[in-house]
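Morning, everyone. Let me put the next structure on the screen, and then I'll talk you through it.

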Amino acid sequence: MKETITAPGAPAAIGPYSHAVKVGNMVFLSGQIGIDPATGKVEGDITAQTRQAIANIKTVLASVGATLDNVVKTTVYLGEMHFFNAMNEVYAAEFSEPYPARSAFSIKELPKQALVEIEVIAAL
């Protein structure tokens, strides 16, 4: 049975989707961009946006009693591949070994002209 998750304190969804869906002991988070939940705006460079996206992920994970340590897979979408190194520095500081499996892609455009979007799968 699936359970939809709406996390208090996380940015409101900007489309018809849930913050996350829990199925058994697995939690599938929708991609998070660097939206400041207080203002609804995406601001700053790739470093600031990556920090905020991960903060938003932490908020959603916390709502199901999880942390970044529960994350088993991430997918990172970058507005441009030259953002990879700066994103990776923040990512490495936030996640700890053993790191989750990860894919990273450069795509044409993200919602709200964001520079990065990160989605995760966590195991409880």
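I'll go from the overall fold to the core, and then to one residue.

First, the ground rules. This is a predicted model, with pLDDT of at least 70 needed for local features and 80 or more for side-chain atom pairs, while totals for chains, interfaces and linings use all residues. Residues are numbered from 1 along each chain as its sequence is written, and side-chain values use heavy atoms, leaving out hydrogens and water.

Now the fold. We have two helices and seven strands. Those are DSSP runs, numbered from the N terminus: H or I of at least four residues for helices, E of at least two for strands. From the N terminus, the order is β-β-β-β-α-β-α-β-β. The radius of gyration is 13 Å, close to the 14 Å from the globule rule for 124 residues, so the protein is as compact as a globular protein of that length. That radius is taken over C-alpha atoms, and the rule is 2.2 Å times the number of residues to the power 0.38. Along the principal axes, the C-alpha atoms fill a box of roughly 40 × 35 × 20 Å.

Of the 124 residues, 36% count as buried, meaning under 20% relative accessible area with a 1.4 Å probe, protein chains only. Contact means heavy atoms within 4.5 Å. Among contacts between residues at least 6 apart in sequence, 66% join residues at least 24 apart.

On to the core. A nonpolar core here is a set of buried Ala, Val, Leu, Ile, Met, Phe, Trp, Tyr and Cys residues joined through side-chain atoms within 4.5 Å. Which members of the largest one touch the most others? Leu-29, Leu-61 and Ile-118, out of 27 residues. Strands S3 (26–29), S5 (71–78) and S7 (116–123) each supply at least two residues, and so do helices H1 (46–62) and H2 (84–94). H1 gives the largest share, six residues. Apart from this core lies another, of five residues, including Ile-33 and Val-42.

Look at Leu-29. Beyond its neighbours within four places in sequence, Leu-29 contacts His-19, Ala-20, Ile-57, Val-60, Leu-61, Glu-119 and Val-120.

Finally, Ala-20, in strand S2 (residues 20–23). Is Ala-20 buried or exposed? Buried, because its relative accessibility is 1%. Not counting residues up to four places away, its contacts include Glu-3, Ile-5, Phe-28 and Val-60. Glu-3 sits 17 residues away along the chain, with 8.5 Å between its C-alpha atom and that of Ala-20.

Terms used. Buried means under 20% relative accessible area, exposed over 50%, partly exposed in between (1.4 Å probe, protein chains only).
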